[in-house]
Amino acid sequence: MKVLRLILGDQLNHQHSWFDSKNPDIHYVLMEVRQETDYVPHHIQKVVGIFAAMRNFCEELRDQGHQVHYFTLDDAANEQSIPDNLDKLIKAHQINLFEYQLPDEYRLDEQLREFCQTLDIQWKAVDSEHFYTTREELGDFFKGKKTYLMESFYRHMRKKHDVMMEGKEPVSGQWNYDKSNRKKLPEHVDIPQRSSRNHDVSELADLIEQAGVKTIGSMNPSNFQWPITRREALADLDLFCKRFLKSFGDYQDAMTSRTPFGFHSLLSFAMNVKLISPKEVVDRVVDHWHQYEQEIDISSVEGFVRQIIGWREYMRGIYWAKMPDYAELNSLDHTNKLPSWYWDGNTKMNCLHHAIGQSLDHAYAHHIQRLMITGNFALLAGTDPNEVDQWYLGIYIDAIEWVEITNTRGMSQFADGGIVGTKPYVSSSNYIHKMSDYCKSCHYSQSKKVGEKACPFNSLYWNFYDRHREQLEKNPRIGMIYRTWDKMDHETKEAILQQASNYLDHLDDL
Ligand code: FAD
Ligand code: SF4
């Protein structure tokens, strides 16, 4: 029997049982297609990173003796669509069985299922063997429940997979050290060196440009830093454990113009394209901690583990429990356009200038920059969640819809009405000032709510709560905010709302 197996660009999993044995009748295929480069404008580093990792993966499989077909973007035989290329190969090689790994994105899942219905040969979908959970697991866990509380799912995961447990209890008796993960980065703390990897990806960059693919962001093609092989991803994991883990917990939420990366792991791209698995990451980090328990505080390790077996698996579960309706949700009826400076970073607001600037330069911003700077502002500005989604889906190297949309539409924009977050993540400038060094060199005045150069976050924050009062005031986590608003005198409130209205009328000029 002749078999064709499809490997998508985010399924570069060397550990998959598909590759346990070699068989000349099994054909593998990877393809660079316009279907994938064009569904949103992606960051140039994202397109290059995925294609480069696919090319290496293909070479490694060939070296191991597997038979692999590879369509480059400029291949004359490339139909630029996954089903069309598959059709071609099935006919050319007299394939009797088509197999694919379950995709992580709904649109690809639908496309491949529809494609299989057109086949007159057998077909089979298999697990991608990457995640801790199945697609349905979270939905089953919360069956019949009104809320999908991440913390209860996280504790279930810790117990089920025996991560940092002593019998049925968490090691040290405490499940969550979130409160220890909120320090500002002091000036005297040095940030260790990252790896000095510098791939030359000029050829690939030229190919993408010549093909006319529309991309965003910038890149130095002779100095590409992201991992594009499993070996490099493992080296990054090792480096994270040795140099960054120790301070990860303390400064996880800190933002600074001194560094785009802080103490973060930068492992999301490698994990999302499956060069390494979440279990490998968690096991390595916990092992490292056991080895150096005297030096590394449990809050750092728990804070990191929670992101992976908690948030990452939780977001995937929400995605499969709620798609496709999730992609349409807009609970606050927001319809504004995203300010134009989201695409070039040219704003006088220093926090946004930095968060957007580094996203354009590196295809990276860490979680709090995404949530409390770019996401926060988009929400305060009443931006259409479709616009916000498109931006996040394009700009980050790790942006794949299952984890992007749940974070953006759910956690960041509250467009799901509270499935992911129990209240909107908005803040005035106080939070940004507390957690960053951005405000001290800003054009705007952080402490001012009204008047010339008043920080836009301050009036927009109150405007947001005022205009969504009907929907939000009954939320027990928000009542306090309305009590503070109600205590302000009429003139103060009017001035704040007027200031916000002026800003909203001139968003592109901020
Ligand atoms: P670290 O801070 O080192 O964390 C370790 C790992 O934990 C990450 O690599 C990631 O796999 C996981 N993780 C942490 N937070 C989350 C989370 N909220 N959801 C899922 N996994 C998490 N992450 C993506 O992988 N792709 C996205 O497209 C994406 N879009 C986001 C959009 C918004 C609006 C927000 C608020 C967050 C988004 N995140 C996304 C989550 C998070 O910001 C990134 O995973 C993280 O910044 C990646 O950098 P890192 O590897 O250095 O992470
Ligand atoms: Fe951002 Fe306002 Fe601080 Fe400027 S003053 S950096 S706009 S929070």
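**Sheet and helix packing in a predicted model**

Me: At about what angle does helix α2 run to β4?
Reply: The model is predicted. Helix α2 covers residues 44-63 and lies across β2 (26-31) and β4. Its direction relative to β4 is about 155°.

Me: Which are the edge strands of the open sheet?
Reply: The sheet has 5 strands with parallel pairing, ordered β4-β2-β1-β5-β6. An edge strand here pairs on one side only. That holds for β4 (67-71) and β6 (122-126).

Me: What does the twist average from one strand to the next?
Reply: The strands concerned are those of the open sheet β4-β2-β1-β5-β6. From each strand to the next, the twist averages 20°.

Me: Which residue in β5 is the bridge partner of Val 3?
Reply: Strand β1 spans residues 3-6 and strand β5 spans residues 97-101. The two pair in the parallel sense over 4 bridges. For Val 3, the partner in β5 is Leu 97.

Me: Is the crossing of α13 and α14 left-handed or right-handed?
Reply: Helix α13 takes in residues 367-380, and helix α14 residues 385-395. Their axes come within 10 Å and cross at roughly 145°. The crossing of α13 and α14 is right-handed.

Me: How do the residues of the contact of α13 with α14 divide into nonpolar, polar and charged?
Reply: From α13, the contact uses Arg 370, Thr 374, Gly 375 and Ala 378. Helix α14 supplies Val 388, Trp 391 and Tyr 392. By class, these residues divide into 4 nonpolar, 2 polar and 1 charged.

Note on methods: Residues are numbered from 1 along each chain as its sequence is written. Chains are lettered from A and ligands numbered from 1 in the order in which they are written. This is a predicted model: local features need pLDDT of at least 70, side-chain atom pairs count only at pLDDT 80 or more; totals for chains, interfaces and linings use all residues. Side-chain values use heavy atoms; hydrogens and water are left out. Axes are lines fitted to C-alpha atoms, for helices over the stretch in contact, and angles run from 0 to 180 degrees between N-to-C directions. A crossing is left-handed if the near helix is turned anticlockwise from the far one by less than a right angle, and right-handed if clockwise. Contact means heavy atoms within 4.5 Å. Ala, Val, Leu, Ile, Met, Phe, Trp, Tyr, Cys and Pro count as nonpolar, Asp, Glu, Lys and Arg as charged, and the others, Gly among them, as polar. Two strands pair if DSSP finds at least two bridges between them.
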